[in-house]
Amino acid sequence: MSKYPLYGVVFCMLGCSDYDLKEQYTPESGAYPEIEITPSSLSFTEAEVGSPQSEIFTITNVGEDDLNISGLELLGDSVFTYTEVSNPSLAIGASTDVIVTYSPTDVNADDSGSILVSSNDPDNSVVEVPL
């Protein structure tokens with residue numbers, strides 16, 4: 001028996017705070033969105049001046065929680081255009097297509113670019129799709 005029986009109780013009362021006593025939120029293991037983009041890059045081998053070419057990449061949620069696509073950003077030459085995502089919130093297993101069009105303006109141009117896809121995937125919040 002301790003010589004000071006209330007010492008531990010008093011110490012806890014002085015050392016504990018409301019913050020320490022609150023239950024911390026921890027998501028279920030594996031319950032995260034996961035982005036998958038197919039194909040991982042696009043190639044425009046048949047485009048010519050005056051004859052644009054369109055290709056599609058698909059964004060799929062292969063995770064176990066809703067995937068929220070927060071934006072698409074085009075990097076590179078302005079000869080590339082893309083369609084916005086029709087549904088920026090993808091349920092588990094859902095997918096959406098993005099159509100990218102290449103409209104070359106110069107026969108000898110070496111046009112290049114990429115599209116950055118931003119989402120709430122905790123492992124891949126930004127995925128680059130080379131064009």
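Tutor: Among the contacts in the protein with a separation of 6 or more, 64% are between residues 24 or more positions apart. The model is a predicted one, and the protein has 131 residues, of which 28% are buried. Its accessible surface comes to about 8900 Å², and carbon and sulfur atoms account for 51% of that area.

The protein contains two helices and eight strands. Read from the N terminus on, the elements run α-α-β-β-β-β-β-β-β-β.

Leu72 counts as buried because its relative accessibility is 13%, and the cut-off for a buried residue is under 20%. When residues up to four places away in sequence are not counted, Leu72 touches Tyr82, Thr83, Val85, Val98, Ile115, Leu116 and Val117. One of these, Val117, is 45 residues from Leu72 in sequence, yet the two C-alpha atoms are 4.8 Å apart in space.

Strand 3 covers residues 67-76 and pairs with strand 5 in the antiparallel sense over two bridges. Within this pairing, Asn68 has Ser89 of strand 5 as its bridge partner. Strand 3 is also joined to strand 7 by seven bridges, and these two strands run antiparallel. Here the bridge partner of Leu75 is Ser114 in strand 7. In general, the strands of a sheet pair through backbone hydrogen bonds, in either a parallel or an antiparallel manner.

These pairings belong to an open sheet of four strands with the order 5-3-7-8 and antiparallel pairing. Its edge strands are strand 5 (89-90) and strand 8 (126-130), each of which pairs on one side only.

A second open sheet has four strands in the order 1-2-6-4, again with antiparallel pairing. The edges of this sheet are strand 1 (35-38) and strand 4 (80-82), each pairing on one side only. From one strand to the next, the twist averages 25 degrees. Strand 1 and strand 2 (residues 53-61) run antiparallel and are joined by four bridges. In this pair, Glu36 has Thr60 of strand 2 as its bridge partner.

Apart from neighbours within four places in sequence, Phe57 is in contact with Ile37, Thr38, Pro39, Leu42, Thr96, Asp97, Val98, Val100, Ile115, Val117 and Val129.

Two polar residues complete the picture. Asn61 is found in strand 2, and because its relative accessibility is 1%, Asn61 counts as buried. A polar atom of the Asn61 side chain lies 2.9 Å from the backbone nitrogen of Gly63. With neighbours within four places in sequence left aside, Asn61 is in contact with Pro33, Glu34, Asp66, Leu67, Leu90, Ala91, Ile92, Gly93 and Ala94.

Asp111, in turn, is found in the loop between strand 6 and strand 7. The side chain of Asp111 makes a polar contact with the side chain of Tyr102, at 2.7 Å. Leaving aside neighbours within four places in sequence, Asp111 is in contact with Asp77, Val79, Phe80, Tyr102 and Pro104.

How values were computed:
Residues are numbered from 1 along each chain as its sequence is written. This is a predicted model: local features need pLDDT of at least 70, side-chain atom pairs count only at pLDDT 80 or more; totals for chains, interfaces and linings use all residues. Side-chain values use heavy atoms; hydrogens and water are left out. Two strands pair if DSSP finds at least two bridges between them. Axes are lines fitted to C-alpha atoms, for helices over the stretch in contact, and angles run from 0 to 180 degrees between N-to-C directions. Buried means under 20% relative accessible area, exposed over 50%, partly exposed in between (1.4 Å probe, protein chains only). Contact means heavy atoms within 4.5 Å. A polar contact is a pair of N or O atoms within 3.5 Å; within protein, one must be able to donate a hydrogen and the other to accept it, and residues adjacent in sequence count only if both atoms are side-chain atoms. Accessible areas come from the Shrake-Rupley method with a 1.4 Å probe; for residues, only the protein chains shown count as cover.
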